[in-house]
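Here's a quick tour of a protein chain for you. Have a look at the sequence and the 3D picture, and then we'll go through it topic by topic.

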Amino acid sequence: MERTNVKRKKSKAKLLHQYYQYTGFYEFVWKSVKKALLPIALVIGAIFAIDYFIFDLNTFFKEMTQTLPPEGVFTIFFVSESLLGLIPPEIFIAWAGKTAKPILFLSILAVLSYIGGLISYFIGVAITKIPSVHRYLEVKMQKHLKNTAKWGGFLIIVGALLPIPFSITCVAAGIISFPFRYVTLYGTLRFLRFALYALVIFNVV
């Protein structure tokens, strides 16, 4: 009886593997991971290079905290995280590490980033209402959108954890009408990303 159950489990795993292989899921994941490796290396390398060759990051963040009030920094960050993530959040994480309340400010940044992603989702939804964009998506991007919709959860997880603009992945989720409840769920991994990056960045700058 136990052997039969083991065989069934193996056969289910095999069928699942074949399904992912046939539908191109593994290729989709691999391409996404490859695209993420370079940004990770660039971000880490840039922080060390700027600190060593250009100027002292400690001095920079000290001046930043003295020039702008926390509310100003949070506002800039929130706008960036809501509009395609134009400024790398690592800069703000490093800034938080130099404040009098690093954990509190880091937590605020994480919340603002999460909310910014949700706003980006609705920007994506709004984009699809533009007639020319809607026609283009239906004709030119049909196959790509089909795969993205199928594995949209993975897309959100990658955007939440890796140095790919979270806002862009949320805009994409809105364009493909990925269920909002899953965006809010998977997006909570954004908090984990900020915590992990802070462990590294706080000790670098």
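Which residues does UniProt list for "transmembrane region"? The unreviewed entry gives residues 36-55, 75-96, 103-131, 151-176 and 183-202. Keep in mind as you look around that this is a predicted model.

**The overall layout**
- The protein chain has 12 helices and 0 strands.
- Reading along the sequence, you get the pattern α-α-α-α-α-α-α-α-α-α-α-α.
- Of the 205 residues in the protein chain, 34% are buried.

- Residues 183-202 are 85% helix and 0% strand, with 29 Å between the end C-alpha atoms.

- Val79, Leu83, Leu84, Leu86 and Ile168 together make a nonpolar surface patch of about 470 Å².
- One of these residues, Val79, belongs to helix 4 (residues 70-82).
- Is Val79 buried, exposed or partly exposed? Its relative accessible area is 42%, so Val79 counts as partly exposed, a label for values between 20% and 50%.

**Helix 10 and what follows**
- Helix 10 covers residues 166-175 and is mostly covered, with 7 of its 10 residues buried.
- The buried ones are Phe166, Ser167, Thr169, Cys170, Val171, Ala173 and Gly174.
- Take Val171, which lies in helix 10: its relative accessible area is 9%, so it is buried, as the cut-off for that is under 20%.
- Val171 and Ile127 are 44 residues apart in sequence, and their C-alpha atoms are 8.7 Å apart in space.
- Just after helix 10 comes Ser177, which takes a positive phi of about 60°.

**Helix 12**
- How far should the 13 residues of helix 12 (residues 189-201) span? At 1.5 Å a residue, the answer is 18 Å, because you multiply by one less than the number of residues.

Definitions and conventions
Residues are numbered from 1 along each chain as its sequence is written. This is a predicted model: local features need pLDDT of at least 70, side-chain atom pairs count only at pLDDT 80 or more; totals for chains, interfaces and linings use all residues. Side-chain values use heavy atoms; hydrogens and water are left out. UniProt positions are given in the numbering used here, feature names are shortened, and annotations may be inferred rather than shown by experiment. Helices (H or I, at least four residues) and strands (E, at least two) are DSSP runs, numbered from the N terminus. Patches are made of residues with over 30% relative accessible area and no salt bridge: like charges are joined within 9 Å, nonpolar side chains (Val, Leu, Ile, Met, Phe, Trp, Tyr) within 5 Å. Accessible areas come from the Shrake-Rupley method with a 1.4 Å probe; for residues, only the protein chains shown count as cover. A salt bridge is a side-chain nitrogen of Lys or Arg within 4 Å of a carboxyl oxygen of Asp or Glu. Buried means under 20% relative accessible area, exposed over 50%, partly exposed in between (1.4 Å probe, protein chains only).
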